[in-house]
Every structure is written in structure tokens, then in C-alpha cells.
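Trainee: I have a structure open and would like to learn how to read it. Could you take me through it step by step?

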Amino acid sequence: MQLLRAFMGYKQAEECLLRCPHGCLPADGDLMRWRWPACALTIVTAVSLWLTASQLHVSQSAVPLDQDSSSSSAPDEFIHLCICSDDSDFRPAVVAIRSAVASSRQAHRFVFHLVTTPELSVRFSRAAKLQLPGVRIEVHADEEIQSAIQSRIEFRDTAGRKGLASAFNFAPFYLPLFLTPSSETFTSQTRRLIYFDADIVLLGDLAEVFDMDMEGKPCAAVPYCNQKMQKYVNFNVLKTLVTSETIDPSSCIANRGLLLIDVKAWADLKLTESIEFWLEQYRKADGELWVGGMSQPPWLLAINGNYMQLNADWNCNSLGRHSMGNLEVAQLHSLGFEEDHLTSLRVETTSWGVVPYVVTCSNSAKLLHYNGAMKPWLLDSDTVQVPVCTMPQALSEYHFNWVQEVEILGVTYTFVTCSEIWSLFLADDLLYSRQTETDRRTHSARAAASATCCEYLLDGF
């Protein structure tokens with residue numbers, strides 16, 4: 001976690017770039033006076049981060065990767081990691097990227113690709129230079145492709161949030177089109193891409209996913225058998241549109257919050273074209289072909305179970321949900337949770353379930369997914385009833401503001417707020433609360449350097 005601490009020295013500049021649309025520019029006379037000292041500070045900071053990362057890769061204890069020996073990945077092959085978003089708040093993407101780097105022994109192989117709008121691409125490029133020094137990031141925008149995707153999307157009220165109709169919710173199916181014209185690293189020889197949602201925290205090594213044996217499958221994702229295809233797809237409507245497809249209504253869905261793509265296999269099977277076919281059927285249907293989503297159902301119909309399964313550790317979800325239904329509460333009770341346990345966690349029982357959500361998979365998870373309306377970066381500071389999580393083993397050394405232990409069937413579980421886990425990768429207060437005075441001075445120097453960069457060098461980025 002040394003690299004994580006190094007990243008956290010940039011809080012003072014956060015509001016400057018992540019939330020200020022125009023940046024922080026000095027008067028013209030001041031710009032030249034400060035440009036060279038600021039550049040020097042930037043270089044020192046970047047070199048420091050590189051050395052820290054090198055030390056992390058050498059000193060961290062080796063953990064065997066769960067991959068097949070037939071995997072043909074070259075040791076120094078780039079690992080392409082993609083985020084697609086038109087959100088003007090860059091904090092989720094920054095946290096996702098920081099957590100991915102901090103959790104990997106092979107972060108030197110990482111290339112992050114942000115696919116966004118032309119307007120936001122300039123802002124994120126500037127923000128990345130300050131918030132993520134030493135990390136290879138490429139920003140891509142193509143208004144023509146964006147418009148072509150948007151033209152295929154029809155929003156209906158049964159789909160859920162209007163934001164799901166964004167072209168960037170479908171952009172993961174078009175990644176080579178976005179990357180090819182502007183990338184310095186993605187080529188026609190690139191074998192694989194990894195896509196992940198921005199509202200996540202990574203605690204596992206994505207190199208493990210990238211290097212796995214896919215057994216010829218076009219993609220890999222985490223199956224989710226708590227929900228079946230029939231929950232999303234109206235098979236009565238489907239039969240009126242297509243008679244040649246054989247799709248099992250009782251088959252498990254898959255979650256594409258983390259998606260490994262074999263570029264050639266995906267193209268050979270024409271999966272993007274298949275997704276477009278199902279979007280066309282959705283537009284033609286008199287009834288609702290699917291509900292509760294926009295991009296997930298056509299992808300599920302297109303792959304129809306033809307994907308490599310990732311371990312469930314790569315999809316610990318619901319960290320942003322406000323409540324649990326009675327069926328989910330029944331699962332809690334089966335684990336030994338009783339009313340007094342829930343009360344100690346500030347959880348309130350209602351006639352239809354409990355508030356807030358109680359996450360039990362986070363202790364050993366490799367990916368934490370903040371799906372739901374209670375995004376950590378949107379919460380008010382006075383919100384009390386927030387989702388609670390079992391403390392991740394990887395973060396047990398850090399000091400959390402709120403900690404609650406409960407003993408269930410002789411086993412002690414330590415809970416923290418899910419939002420505070422996310423905040424560890426953005427704010428520096430918690431990370432440095434147990435550090436020495438020397439560490440604090442080092443942190444302050446880094447913060448001063450980043451503030452100088454923000455204040456005087458943004459125009460030169």
C-alpha cells in the first residue's frame with residue numbers, strides 16, 4: 001500500500017481540477033515566473049512515485065496468479081484498462097484508477113483508456129497529469145462514433161434511469177473503434193481489453209484477469225445467479241420477434257461491471273453487430289422486450305452464455321444501495337445475523353426489508369462495486385444510514401472513522417462504512433492518521449507540489 005499513500009498527496013488540488021470546469025489559472029505575469037519551479041516539483045514527484053512503485057513491485061510478497069499455464073501473455077505486454085464515462089465529476093474514475101494501480105504487482109504494464117466526450121477529454125487529460133502522475137493514461141473521444149451509438153438507443157421508462165441511455169453506457173462494445181485512431185499503445189495486434197465501471201474500488205490484481213486462459217471465449221465476466229434471464233427479458237415478446245434463437249429463461253445473468261474482451265474472438269463472432277441487432281428488435285417491439293436496464297440485456301442476449309466465468313470475488317456489489325429486500329434479509333439471517341446485530345450496525349428493520357444495505361462479501365473481495373443511488377461522492381456529510389461493509393483484509397491497517405465489531409456464531413466480524421473505503425483512495429486524512437510526523441511532513445510537501453502544479457502549470461499541460 002506504499003503506492004496508495006504516495007497517490008494520496010494531492011488532496012489540495014482535487015477541487016481545482018476535478019470539480020472546476022475552467023481550471024485554476026494565474027495572472028499572465030505570474031505564469032512564467034512559476035513555470036520552471038513547478039515543473040521541477042512535478043518531475044521530483046513523478047520520480048518519487050516511480051521509485052515507490054518499483055519498490056512495491058519488488059518487496060510485495062508474491063501471490064500466485066489463478067491462471068492456466070496455457071495463457072500466452074507476454075510478461076511485458078500492455079494491460080489495457082478502459083473506462084467509459086460522460087460524467088463531469090472525475091473523482092470516481094480517479095479512485096478506480098488509483099485503486100487498480102495500488103493493488104497490482106504489475107502496474108508498470110497498465111495503460112488506462114478513458115473514453116469520454118470531446119468537451120470532457122481536455123479536462124480529464126489535465127486532471128490526470130496532476131492526480132495520477134506516473135500512470136500511463138490515454139484519453140479518447142470521437143463525436144462521430146458517439147453520435148452513431150446514440151442513434152441506436154431508444155429509452156423507455158421501464159429501462160430505469162434516463163442516464164442509462166447514454167452512448168457511454170454502450171461504448172464498451174465499441175472500444176476498438178474509439179481507441180484505434182488516437183491510441184499510442186493499442187494496435188491491430190492487441191489481444192485483449194479490460195473494461196470496468198467507474199463506480200468501483202479494486203482490491204485485486206487486474207493482471208490476474210488479463211492473463212487468464214479464456215479457452216477461446218470472446219469475453220469473461222462474473223456470473224450472477226441471484227438473478228435469471230427472465231428477470232430482464234420478456235420471452236413472450238421475444239418469441240414474436242425472433243424464432244430462431246434458443247435462450248434459456250432460467251439461465252444466470254452475468255455482470256459486465258468488469259469485462260475482459262478477447263478482441264479477435266469478439267470481432268469474429270460479430271458480437272457488437274449482434275448487440276445492435278437486439279437494440280433494433282427492442283425498438284421494433286410493440287411490448288417491452290426487456291426491462292430494468294439498457295445495455296445489459298442486449299449484451300446478455302448477444303453472448304447467450306458464451307463467456308468465461310470469473311470468480312465471484314471480482315463482483316462484490318450493492319455497496320451503493322439504500323436498502324435490502326426481505327429475501328436478501330433472509331440470507332443475512334441464515335448467516336446468523338439477529339436483530340441486535342443489525343441494531344449495532346445502525347440498521348433499521350422495516351416491513352419490506354432493512355435500511356441501509358449490509359455488505360458481507362467485501363472482506364475478501366477483489367472488486368467492490370458501488371452500484372445503487374448512494375454513491376460515496378454524492379453523499380451528504382450528515383448522512384447516517386449508509387451501507388456498511390465487512391472490512392476488507394487488504395485495508396485492515398488503516399484507521400476508519402467508524403468501526404463496529406459484531407460476534408456471530410463465535411466469529412467476530414468488523415464492519416466499516418462502505419463509503420469510507422472508497423474515500424481512502426481519494427482523501428489523505430484517513431490514510432495518514434496513523435503515520436509519523438516525518439510521514440506527515442512528506443505528505444505536506446507533496447500536497448504543496450501538487451497545489452503549485454494546479455495553480456501555475458495547468459495551462460501548459
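This is a predicted model: local features need pLDDT of at least 70, side-chain atom pairs count only at pLDDT 80 or more; totals for chains, interfaces and linings use all residues.

Trainee: Which residues is Thr 417 in contact with, leaving aside its neighbours within four places in sequence?

Mentor: Contact means heavy atoms within 4.5 Å. By that rule, Thr 417 meets Arg 346, Val 386, Pro 387, Val 388 and Trp 402, once neighbours within four places in sequence are set aside.

Trainee: In which strand is Thr 417 found?

Mentor: Helices (H or I, at least four residues) and strands (E, at least two) are DSSP runs, numbered from the N terminus. Thr 417 belongs to strand E16, residues 411-417. The protein chain has 17 helices and 16 strands.

Trainee: How does E16 pair with strand E15?

Mentor: Two strands pair if DSSP finds at least two bridges between them. E15 (residues 403-408) and E16 are antiparallel and share 6 bridges. One of the bridges has Glu 407 with Thr 412 of E16 as its partner. The hairpin of E15 and E16 has 2 residues between the strands, and Leu 409 there takes a positive phi near 55°.

Trainee: What is the order of the strands in the open sheet of 7 strands?

Mentor: The order is E3-E2-E1-E4-E7-E6-E8, with mixed pairing. Strand E3 (137-140) and strand E8 (308-309) stand at the edges with a single partner strand each, so one side of each has no neighbour in the sheet. Further in, E1 (residues 79-84) and E4 (residues 192-196) run parallel and are joined by 2 bridges. Cys 82 stands opposite Tyr 195 in E4.

Trainee: Which strands does helix H4 lie across?

Mentor: For angles, axes are lines fitted to C-alpha atoms, for helices over the stretch in contact, and the angle between N-to-C directions runs from 0 to 180 degrees. Helix H4 (residues 91-102) lies across E1, E2 (110-115), E3 and E4, at about 165° to E2. Helix H5 (residues 118-131) lies across E2 and E3, at about 170° to E3.

Trainee: Which residues have the most contacts inside the largest nonpolar core?

Mentor: In soluble globular proteins, nonpolar side chains tend to be buried together. A nonpolar core is a set of buried Ala, Val, Leu, Ile, Met, Phe, Trp, Tyr and Cys residues joined through side-chain atoms within 4.5 Å. Here the largest one has 51 residues, and Trp 278 and Trp 299 have the most contacts inside it. A second, separate core of 39 residues includes Ala 100, Phe 210, Met 212 and Leu 367.

Trainee: Why does Thr 272 count as buried?

Mentor: Thr 272 counts as buried because its relative accessibility is 14%. This residue lies in helix H12, residues 271-284. The side chain of Thr 272 reaches the backbone oxygen of Phe 173 at 2.7 Å.

Terms used: Residues are numbered from 1 along each chain as its sequence is written. Side-chain values use heavy atoms; hydrogens and water are left out. Buried means under 20% relative accessible area, exposed over 50%, partly exposed in between (1.4 Å probe, protein chains only). A polar contact is a pair of N or O atoms within 3.5 Å; within protein, one must be able to donate a hydrogen and the other to accept it, and residues adjacent in sequence count only if both atoms are side-chain atoms.
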